Protein chains: 2
Amino acid sequence: MDLDAIIDRDFEARVAELKEWIRIPSVSALPEFHGEVVRSAAWAAGQLKGMGFPKAEVVKTETLPLVYGEWCPYPGKPTLLIYGHCDVQPPDPLAQWVSPPFEPVAREGKLYARGANDNKGQSMCWMGACKALLARDGKLPINVKVLMECEEEVGGTAIARHVAAHAEALACDAVLVVDTPMPGADKPAICVSLRGLVYTEITVTGARTDMHSGQYGGVAPNPIQALALLLARLKGEDGIIQIPELMAAIPDVTAEETAAWAADVLHYGDSLKEQMGTGQLFGQNGVSPYARVGLYPTLEVHGIRGGFVGEGAKTVIPASAVAKVSLRLPPGVSAKPVAGWFEAAVRKQLPKGFGVEVKVLSTGEGMNVAWDAPAMKLARDAMAEVYGKPPLPMRMGGSIPVCADFARHLKVPVLLVGFGLPDDDLHAPNEKYDLAQLKQGMRVIGRLVVKLSLL
Amino acid sequence: MDLDAIIDRDFEARVAELKEWIRIPSVSALPEFHGEVVRSAAWAAGQLKGMGFPKAEVVKTETLPLVYGEWCPYPGKPTLLIYGHCDVQPPDPLAQWVSPPFEPVAREGKLYARGANDNKGQSMCWMGACKALLARDGKLPINVKVLMECEEEVGGTAIARHVAAHAEALACDAVLVVDTPMPGADKPAICVSLRGLVYTEITVTGARTDMHSGQYGGVAPNPIQALALLLARLKGEDGIIQIPELMAAIPDVTAEETAAWAADVLHYGDSLKEQMGTGQLFGQNGVSPYARVGLYPTLEVHGIRGGFVGEGAKTVIPASAVAKVSLRLPPGVSAKPVAGWFEAAVRKQLPKGFGVEVKVLSTGEGMNVAWDAPAMKLARDAMAEVYGKPPLPMRMGGSIPVCADFARHLKVPVLLVGFGLPDDDLHAPNEKYDLAQLKQGMRVIGRLVVKLSLL
């Protein structure tokens, strides 16, 4: 029986397993859900055990655990290290979900739930591929190691420490990461760069306590207003970030890439507008949308809070206001100096008389991958066979910090082969995963695992 | 026995009553507390009944009730209408209270609780004065009407409709409002103007849903950023509000008032800085702090909310963001056109490509009171007798919208004689009322009620 037929035959069983996993609300950002995060890790380890991995365990760390599995019976053959994560984003705002975030429901061929794509659905691609190979051959054709984490959504560093400390045990010929999207279901692509990330929390303070706007309005410091002024100064309507060091660090690109952007086979700008439901692109005019999303830095406010936000009216001038602000970094720009640049810019732009604290909540390094690495060529072939056309190289705007750790410590190509679609609404209400893409993903990864035996 | 001796003798009983009232958490801004608001009204009506008011009732309205009482046995004599309110501000942020907001506790001569000043403590001044007069004489020396509301903190309009509809029944020779502060315990003052208020909620919208900042950061509309830009454009660090019609409406003041501001017997700017715990005054440089607080308009953000504000990091670009913004209006400037000016300014200053909705949550008119009105002169005398020096005329920056209704429909002077202190932290955590001021207030109001029989 060929691999695709087995994938077809067992597909409903794989979807049922995925739903079981999704029902575990493994929200790493919320401490009260950490028990569920551990359950999610145990579930993944259980899957590896069920497949017959001789080693399959939940590995304790100082924070949330890792999952590690090994199927390495062939001393001479190539080894693939597969990465995934067991945690998910918080589901809020809950009111905007059509169906509850942790009760997966399929509608029109798409599975809706928190984690349906990121990263449980995407992980099921390689789990399903391995299960199909095992069902057909009773064994995998190469050595496979699996390393999963539970802190991807909170910038946790347990896996980074683990990779640095266990580079020898994790030795491999390539790393596979199924955590990226393609531009469309008929537009195969493989990711060639990731942006880095510095995630901060800014607290602006004014008077000693909350004040009545009648009694003090006109002479009082308003930290919300100061925060608004600060944010407006850090990035104006022109989208240019007022951190000169960061803007100067944007790398040059090849003439080939510039030409590809100009050719714009993906109609990328139009596609982004459609996905966002907006009549225009925002940000820095005159810069290609490929560059705005994949190459340029960003400064985004993810959340803001201050004063009275309940129903009705309260005439308070609050004593403080808080914003969560992240910077995405051009691939190749290290996160290390950026937090310092940012804090200096905040202090420079803050209106006079206010206090400010900048906390760095997490950082992650970006990465570049060589399009011509031998393992990458096999991934390109596997994808071309399944989709009937060669994949495009794509710069991804997101950050998967561990990829940089893999590249640095294991010194092998990191294959970012993912099957998400642009409208999957990761990190948003009604996150979904296209079940046809799940099946294609199993097919591609199955072929890739077979091909890697040729390395 | 003289009035002050009776006030002294019964003071603890009055404080006990005040504590009983405060324990009713009558938060009008929060619908789930509306039952408590009604209890608070019933408590006040019960006090009037207990004093022997022949009429003392809770009056239903379309929204929250009023309290009305009448002691009018003397057809020929002057009538005083006393106003107060039974509702309080929300207590949040709860974590900043030293003692729970609805469990009144006296520390160092000050009573700490939500409503300790605003307006339950201040109302106890006139309740205590009337009780002392009744204890001494078995009757009041003039006709007294009492009208209280339960929506002062939410800009409710029930009382405005009531005053407009029942001007004849409310006919009187003066209105007494005990809801304002004095500049210090040794600095008696009577309020001669109030600012108006327009309270709004601004919602800025961007994309169709929340988005992942990795996937869309660089081209996505960020409504928090747009809101920050908008707020920064509506009022810069120079404190000048970018609503030309409003700035043009600031009235001229007399040379006498300008001179009084320059003389600055209250050391007002220094006093405000000390109260706020700041090293500087904010707002419009070059404008007297008396004018900034009492005469000039304000634009203040009272609350802001958008995106992810929980613990930790979430890389979302939200679909919308909300701010509560109020304008205080120069006395004499009607609130009616201002909401329109504001909405036009918002639409003009909003960054391109975003949606916006401006909801007016409430409005209130400001007011001027004549310093030389006969009833005002009696109030000035009463205050001078108790404090040993004549009161200063003060412009107050707050808004008590019903005062404008009283002035308009009843056509009598509104006496804003209050005993709060600048550091009472109204609308903030650890609101308090100085118990010595409570007693002084009873003495002043007792004398005023006696003097009004001379009108």
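This is a predicted model: local features need pLDDT of at least 70, side-chain atom pairs count only at pLDDT 80 or more; totals for chains, interfaces and linings use all residues.
User: What makes A:Glu17 and A:Arg14 a salt bridge?

Analyst: A salt bridge is a side-chain nitrogen of Lys or Arg within 4 Å of a carboxyl oxygen of Asp or Glu. The closest N and O atoms of A:Glu17 and A:Arg14 are 2.9 Å apart, so the pair passes. Both residues sit in helix α2 (residues 11-22) of chain A, three residues apart, about one turn of the helix. Helices here are DSSP runs of H or I with at least four residues, strands are runs of E with at least two, and both are numbered from the N terminus. By the salt-bridge rule, the count over all chains comes to 43.

User: Why is B:Glu257 called buried?

Analyst: Buried means under 20% relative accessible area, exposed means over 50%, and partly exposed is in between (1.4 Å probe, protein chains only). B:Glu257 has 19%, so it counts as buried. Its salt-bridge partner B:Arg395, with closest N and O atoms 2.6 Å away, is also buried, at 18%.

User: What does the pair B:Glu257 and B:Arg395 tie together?

Analyst: B:Glu257 lies in helix α9 (residues 255-263) of chain B and B:Arg395 in strand β16 (residues 392-396) of chain B, so the pair ties together parts that are 138 residues apart in sequence.

User: How do you know that A:Asp179 has no salt bridge?

Analyst: Lys and Arg count as positive and Asp and Glu as negative, while His and the chain ends are not counted. The nearest side chain of opposite charge to A:Asp179 is A:Arg328, and that is 10 Å away, although A:Asp179 is buried. A:Asp179 sits in the loop between β7 (174-177) and β8 (189-194) of chain A.

User: Which side chain makes a polar contact with the side chain of A:Asp179?

Analyst: That's A:Asn119, at 2.9 Å. A polar contact is a pair of N or O atoms within 3.5 Å; within protein, one must be able to donate a hydrogen and the other to accept it, and residues adjacent in sequence count only if both atoms are side-chain atoms.

User: What makes you say the two copies are related as by a two-fold rotation axis?

Analyst: Chain A can be laid on chain B with an RMSD of 0.0 Å by a turn of 180° and a shift of 0.0 Å along the axis. The two copies are thus related as by a two-fold rotation axis. The superposition is by least squares on the C-alpha atoms of residues with pLDDT of at least 70 in both copies. A:Ala228 comes closest to the axis among the residues of chain A, at 2.1 Å (C-alpha).

User: How do you know that the copies meet through the same surface?

Analyst: 100% of the interface residues of chain A are also interface residues in chain B, so the copies do meet through the same surface. Each side's share is listed as 91 residues from chain A and 91 residues from chain B. About 7,800 Å² is buried between the chains, with carbon and sulfur atoms giving 52%. Buried area is the accessible area (1.4 Å probe) that two parts lose on being put together, summed over both.

User: Which salt bridges join the chains, and how many are there?

Analyst: The count between chain A and chain B is four. One of them pairs A:Arg233 with B:Glu237 (2.7 Å, N to O). A:Arg233 lies in helix α7 (residues 223-234) of chain A and B:Glu237 in the loop between α7 (223-234) and α8 (244-248) of chain B, so the pair joins two chains. A:Arg233 is partly exposed at 27%, and B:Glu237 is partly exposed at 37%. B:Asp425 and A:Arg208 also meet in a salt bridge (3.5 Å, N to O), and B:Asp425 is buried at 10%.

Terms used
Residues are numbered from 1 along each chain as its sequence is written. Chains are lettered from A and ligands numbered from 1 in the order in which they are written. Side-chain values use heavy atoms; hydrogens and water are left out. Contact means heavy atoms within 4.5 Å.
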